[in-house]
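Subject: Structure for you, with notes

Hello,

Here is the structure I promised to send. Please open it alongside this email, and my notes follow below.

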Amino acid sequence: MKKEQQTSCRRCGTCCRKGGPALHSEDLALVRAGHLPLANLITIRRGELAHNPLTDRIEPVTRELVKIRGSGGQWCCCYYDAAAKGCSIYGNRPVACEALKCWQPEESLALMGQDLLGRLDILEEDDPLRPYVLEYERLCPCPDMGEVKKNLAGQPEGLLVSLEMQVNRDIAFRDQVVRQLHLSLARETFLFGRPLFQLLQALGVMVSESPQGLRLAVGKFSSAV
């Protein structure tokens, strides 16, 4: 029996459950209009590991991108309505979602990595949060996590000493800004992305607390990355 060729969305939710889309320049109007509030966005910084659909591999991100956050600690897009099997902001969905056709992916794949929005594209020039983002990137740039992963497999002792310093500097900066501005966790992850220690935990690095701050040790590599 010949399988019927798919020509339209079957509303199975698979695409939405794989994660929220990255935002492109055309989506800035949705952010400005309040359809995509900052609390529902998360920054993926240059150097973080992420799935590249073009190569189907986990690779370091070569430029910053902003995505719609997941829901309930999962990757599933926070705007996916599981009960209705649909998007709760369908009329104001990002351009990547408009282009997405799982049965005909060429348009969606051509859009990937093109004309992406970063934090400083979203924050207006006079936004008082901009200086905090710029200072954070100056003090706490994200290392190339692909190189970190590779070096952890060798002789990691010296690397761990350096990473501990970076991890604690990262946490200290975040803690200071969160207290000063009374930021929610959602706002924090838009402004600064995920903390470095969380990125390292995904590589199997064990993190523990001590009177001197966070301490790192090499554990078993996580296949979740």
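R119 is buried, with a relative accessible area of 1%. Bear in mind that this is a predicted model.

**Around R119**

R119 sits in helix α5, which covers residues 119-122. What does the side chain of R119 reach? It comes to 2.7 Å from the backbone oxygen of L191. Neighbours within four places in sequence aside, R119 also contacts residues from several parts of the chain. They are T43, R45, E64, V66, V133, Y136, E137, F190, L191 and F192.

**Helix α6**

V133 and Y136 turn up again here. Helix α6 spans residues 130-139, and R130, V133 and Y136 are buried in it. Viewed down the axis of α6, these buried residues fall within an arc of 130 degrees, so they line one face of the helix. The cover over them includes α5, α8 and α9.

**Helix α7**

Helix α7 runs over residues 145-152. Its buried residues include M145, V148 and L152. Seen down the axis of α7, the buried residues keep within an arc of 50 degrees, so they line one face of the helix. The buried residues of α7 pack against β2 (49-52), α8, α10, β7 (205-210) and β8 (213-218). Look at the start of α7 too. There, a side-chain oxygen of D144 comes to within 2.9 Å of the backbone nitrogen of G146.

**The second largest pocket**

How much space lies in the second largest pocket? It holds about 660 Å³. Its lining is made up of 27 residues. Nearest its centre lie I42, L185, T189, R194 and Q198. By type, the lining of the second largest pocket has 13 nonpolar residues, 8 polar and 6 charged.

Most residues other than glycine have a negative phi. Two residues are worth checking on that score. R11 has phi near 55 degrees, a positive value in a residue other than glycine. R11 lies in the segment before α1 (14-17). R11 is partly exposed, with a relative accessible area of 47%.

The other is D56, where phi is near 60 degrees, again positive in a residue other than glycine. D56 belongs to the loop between β2 and β3 (57-60). Is D56 buried or exposed? D56 is exposed, at a relative accessible area of 59%.

**Back to R11, by way of G86**

G86 is in strand β6, residues 86-87. G86 is buried, with a relative accessible area of 14%. Which residues does G86 touch? Not counting residues up to four places away in sequence, G86 touches R11, Y79, Y80 and D81. G86 and R11 are 75 residues apart along the chain, yet their C-alpha atoms are separated by 6.5 Å.

Best wishes

Conventions. Residues are numbered from 1 along each chain as its sequence is written. This is a predicted model: local features need pLDDT of at least 70, side-chain atom pairs count only at pLDDT 80 or more; totals for chains, interfaces and linings use all residues. Side-chain values use heavy atoms; hydrogens and water are left out. On a 1 Å grid over the protein atoms alone, a cavity is a set of points where a 1.4 Å probe fits but cannot get out, and a pocket is an open set with protein on both sides within 12 Å along at least five of seven lines; lining residues have an atom within 4 Å of a point. Grid points are joined across faces, edges and corners, and a volume is the space filled by probe spheres set on the points. Ala, Val, Leu, Ile, Met, Phe, Trp, Tyr, Cys and Pro count as nonpolar, Asp, Glu, Lys and Arg as charged, and the others, Gly among them, as polar. Buried means under 20% relative accessible area, exposed over 50%, partly exposed in between (1.4 Å probe, protein chains only). Helices (H or I, at least four residues) and strands (E, at least two) are DSSP runs, numbered from the N terminus. The arc is that of the directions from the helix axis to the C-beta atoms. Contact means heavy atoms within 4.5 Å. A polar contact is a pair of N or O atoms within 3.5 Å; within protein, one must be able to donate a hydrogen and the other to accept it, and residues adjacent in sequence count only if both atoms are side-chain atoms.
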